[in-house]
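Here are my notes for anyone opening this one for the first time. Have the viewer ready and follow along point by point.

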Amino acid sequence: MFTWEQRKLGDSCKINGRIGFRGYTEKDIVTKKAGGVLTFSPTNIVDNKLTMECKNTYITREKYDESPEIKISNGDILFVKTGSTLGKSALVTGLKEDASINPQIVVMRVEKNTETFMSNILITNGVMKQVAAVKIGGAVPTMTETELKNFTYFAPAEKEEKKKIGDFFRTLDHLITLHQRL
């Protein structure tokens, strides 16, 4: 039997976004052919999965290297904090190139082997209700990283229990994908 406890996202993961003075402008946008580095946007997140099947944006290598805290790796979780798709998220898997994020997204880094568990926590009704409660703005809804860090959720007290639940969700997701292909 699992022992559950209430936690804050900010205590469970490191959350970083593209900060203002390190934002990018049109002059920082280049083509992939020109050595550009992929920059994830909300359009890269479809049904809580990361996709490359969209119009991707690339930034200069210099702009990418300027912000090492938002260099994306497999196991990171991307979360939309600004725009009409506020609250959308995806676990990064299968990434084979350098990548970063645009200002609408934050990157969440969690303990190894808890990535799948945490990515599933972010799509629960409990978290989505918290997103709806803190969003500000009309035309362009937004939330702050501080608000996101204060979101609460319930989790097993033991890391191994989180891993088991994450493994279960990963297997279930794989079975659903296989079934959809039939």
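This is a predicted model: local features need pLDDT of at least 70, side-chain atom pairs count only at pLDDT 80 or more; totals for chains, interfaces and linings use all residues.

1. E66 is partly exposed, with a relative accessible area of 32%; on this scale buried means under 20%, exposed over 50%, and partly exposed in between (1.4 Å probe, protein chains only). E66 forms a salt bridge with K63, and their closest N and O atoms are 2.9 Å apart. The term stands for a side-chain nitrogen of Lys or Arg within 4 Å of a carboxyl oxygen of Asp or Glu.

2. Residues are numbered from 1 along each chain as its sequence is written, and side-chain values use heavy atoms, with hydrogens and water left out.

3. How many salt bridges are there by this rule? The count comes to 7. Another one joins the side chains of D65 and K71 (3.2 Å, N to O). D65 is partly exposed at 40% relative accessible area, and K71 is partly exposed at 24%.

4. K32 and E97 also meet through their side chains in a salt bridge (3.7 Å, N to O). This pair links distant parts of the chain: K32 is in the loop between β3 and β4, E97 in the loop between β9 and β10, and they are 65 residues apart. K32 is partly exposed, with a relative accessible area of 47%, and E97 is partly exposed too, with 27%.

5. Now step back to the whole protein. It has 6 helices and 12 strands; helices (H or I, at least four residues) and strands (E, at least two) are DSSP runs, numbered from the N terminus. The radius of gyration is 17 Å, close to the 16 Å that the globule rule gives for 182 residues, so the protein is as compact as a globular protein of that length. That radius is taken over C-alpha atoms, and the rule is 2.2 Å times the number of residues to the power 0.38. Of the 182 residues, 42% count as buried. Among contacts (heavy atoms within 4.5 Å) between residues at least 6 apart in sequence, 74% join residues at least 24 apart.

6. Take a look at β11 (residues 105–110). Of its 6 residues, 5 are buried, so this strand is largely enclosed by the rest of the structure. Strand β2 (residues 13–17) runs antiparallel to β11 and is joined to it by 5 bridges; two strands pair if DSSP finds at least two bridges between them. G17 stands opposite V106 in β11. There are also 4 bridges between β8 and β11, again antiparallel, and V80 has I105 of β11 as its bridge partner.

7. There's an open sheet of 4 strands as well, in the order β3-β7-β4-β10 with mixed pairing. Its edge strands are β3 (29–30) and β10 (99–101), each pairing on one side only. Strands β4 (residues 37–40) and β7 (residues 57–59) run antiparallel and are joined by 3 bridges, with L38 opposite Y58 in β7.

8. Which residues of helix α4 (residues 125–134) are buried? They are V127, Q130 and V131. They cover an arc of only 105 degrees around the axis, which puts them on the same side of α4; the arc is that of the directions from the helix axis to the C-beta atoms. N125, K129 and A133 are exposed on the other side. The cover over the buried residues includes β8 (77–80), α3 (115–121) and β12 (152–156).

9. Most residues other than glycine have a negative phi. D47, in the loop between β5 (45–46) and β6 (49–50), has a positive phi near 50 degrees and is exposed, with a relative accessible area of 69%. N48 lies in the loop between β5 and β6, with a positive phi near 60 degrees, and is partly exposed at 32%. N48 is also one of the residues that S89 touches; S89 lies in strand β9 (residues 89–91) and is buried, with a relative accessible area of 2%.

Definitions and conventions:
Lists of a residue's contacts leave out its neighbours within four places in sequence.
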